[in-house]
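Thanks, everyone. I'll keep this short. Please have a look at the chain on the screen, and then we'll walk through it.

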Amino acid sequence: MGDLNIIQMLLVILVAFLAGMEGILDEFQFHQPLVACTLIGLVTGNLEACIILGGSLQMIALGWANIGAAVAPDAALASIASAIILVLGGQGKAGVDTAIAVAIPLAVAGLFLTMIVRTLAVPIVHFMDAAAEEGNYKKIEMWHIIAVCMQGVRIAIPAAALLMIPADVVQNFLESMPAWLTDGMAIGGGMVVAVGYAMVINMMATKEVWPFFVIGFVIAAISQLTLIAIGALAVAIALIYLNLSKMGGSSNGGGGNTGDPLGDILNDY
């Protein structure tokens with residue numbers, strides 16, 4: 001934890017650049033908090049703490065989506081900046097809550113940078129239209145690459161600026177924050193996680209999947225079970241459900257059988 005060498009700084013800026021581009025491309029998902037924070041932790045030697053941070057931020061980002069003209073908070077900037085602050089802060093896993101709390105306003109601030117970049121991209125569209133009229137495909141590709149790189153620079157510049165701040169300054173700032181502020185931000189961050197997860201459940205929820213949500217929450221409360229054990233139970237339940245579905249679909253009895261065993265049971269009520 002603490003100060004980074006030149007190689008690590010360059011790798012962090014590269015990850016930030018890739019995360020910014022992936023916010024538009026969506027091909028390798030580098031902008032997702034779990035991926036971005038993990039990569040930052042990998043290149044800085046703080047893998048465990050950054051994975052925990054990325055997993056927590058991912059739960060928040062699950063509820064972020066572009067709907068119509070409304071642009072979602074910037075997950076890429078929030079992930080990269082909060083991971084850098086966590087690394088420079090030198091608090092390890094103990095600083096995850098503070099980093100999560102800082103990530104929320106950073107995600108909203110990232111909307112301003114997104115607006116700037118997208119405004120600058122408007123003339124590029126006209127340049128590509130002109131190149132298309134000329135039949136110059138290489139120029140069209142060039143402007144495409146420039147536009148995507150602008151998205152990468154949008155995250156790389158703030159990341160580089162954060163890296164220029166001495167680690168002891170970041171550490172002193174984090175340590176000087178009063179307990180009521182850090183605790184309140186941690187509680188607020190936890191509430192946002194719950195809201196994001198609830199939004200995802202609301203989108204997925206049907207009468208067929210609600211029983212599985214209930215089973216999952218009950219099993220998760222058993223502290224003796226590890227994530228591997230819970231995952232194994234989930235796979236087993238899924239296989240049982242698929243087998244019941246096949247048996248129900250091949251049954252000749254009962255005209256009301258839909259092939260969905262849970263759906264048939266619920267329809268009876």
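Let's start with contacts. Take those in the protein chain with a separation of 6 or more: 70% of them join residues 24 or more positions apart. Keep in mind that this is a predicted model.

Now the overall make-up. The protein chain has eleven helices and zero strands. Read along the sequence, the pattern is α-α-α-α-α-α-α-α-α-α-α. Of its 269 residues, 33% are buried.

On to helix H1. H1 covers residues 6-25. How far apart are its end C-alpha atoms? They are 28 Å apart. That agrees with expectation, because 20 residues at 1.5 Å a residue should span 28 Å.

Look at the start of H1. There, Asn5 places a side-chain oxygen within 3.2 Å of the backbone nitrogen of Ile7. At the other end, Asp26 follows H1, and its phi is positive, near 60 degrees.

Which residues of H1 are buried? They are Gln8, Met9, Val12, Val15, Ala16, Ala19, Gly20, Met21 and Glu22. What do they pack against? The partners are helix H2 (33-44), helix H4 (75-89) and helix H6 (137-163).

Take the H6 partner. The axes of H1 and H6 come within 7 Å and cross at roughly 145 degrees. The crossing of the two is right-handed. On the H1 side, the contact is made by Met9, Val12, Ile13, Ala16, Phe17, Gly20, Met21, Ile24 and Leu25. On the H6 side, the contributors include Val148, Cys149, Gly152, Ile155, Ala156, Ala159 and Leu163. Cys149 counts as partly exposed, because its relative accessibility is 27%.

Next, the H4 partner. H4 has 15 residues, and 15 of the 15 are buried. From first C-alpha to last, H4 reaches 21 Å, close to the 21 Å expected at 1.5 Å a residue. At the start of H4, a side-chain oxygen of Asp74 comes within 3.1 Å of the backbone nitrogen of Ala76. After H4 comes Gly90, with a positive phi near 70 degrees.

Back to the loop between H1 and H2. Gln29 sits there. Gln29 is not a glycine, yet its phi is positive, about 60 degrees. Is Gln29 buried or partly exposed? With a relative accessible area of 28%, Gln29 is partly exposed.

Then helix H3, residues 47-61, where Met59 is found. Met59 is partly exposed, because its relative accessibility is 27%. Met59 and Pro33 are 26 residues apart along the chain, but their C-alpha atoms are separated by 9.0 Å.

To recap. We have eleven helices and zero strands. H1 packs its buried residues against H2, H4 and H6.

Definitions and conventions. Residues are numbered from 1 along each chain as its sequence is written. This is a predicted model: local features need pLDDT of at least 70, side-chain atom pairs count only at pLDDT 80 or more; totals for chains, interfaces and linings use all residues. Side-chain values use heavy atoms; hydrogens and water are left out. Helices (H or I, at least four residues) and strands (E, at least two) are DSSP runs, numbered from the N terminus. The expected span of a helix is 1.5 Å times one less than its number of residues. Buried means under 20% relative accessible area, exposed over 50%, partly exposed in between (1.4 Å probe, protein chains only). Contact means heavy atoms within 4.5 Å. A polar contact is a pair of N or O atoms within 3.5 Å; within protein, one must be able to donate a hydrogen and the other to accept it, and residues adjacent in sequence count only if both atoms are side-chain atoms. Axes are lines fitted to C-alpha atoms, for helices over the stretch in contact, and angles run from 0 to 180 degrees between N-to-C directions. A crossing is left-handed if the near helix is turned anticlockwise from the far one by less than a right angle, and right-handed if clockwise.
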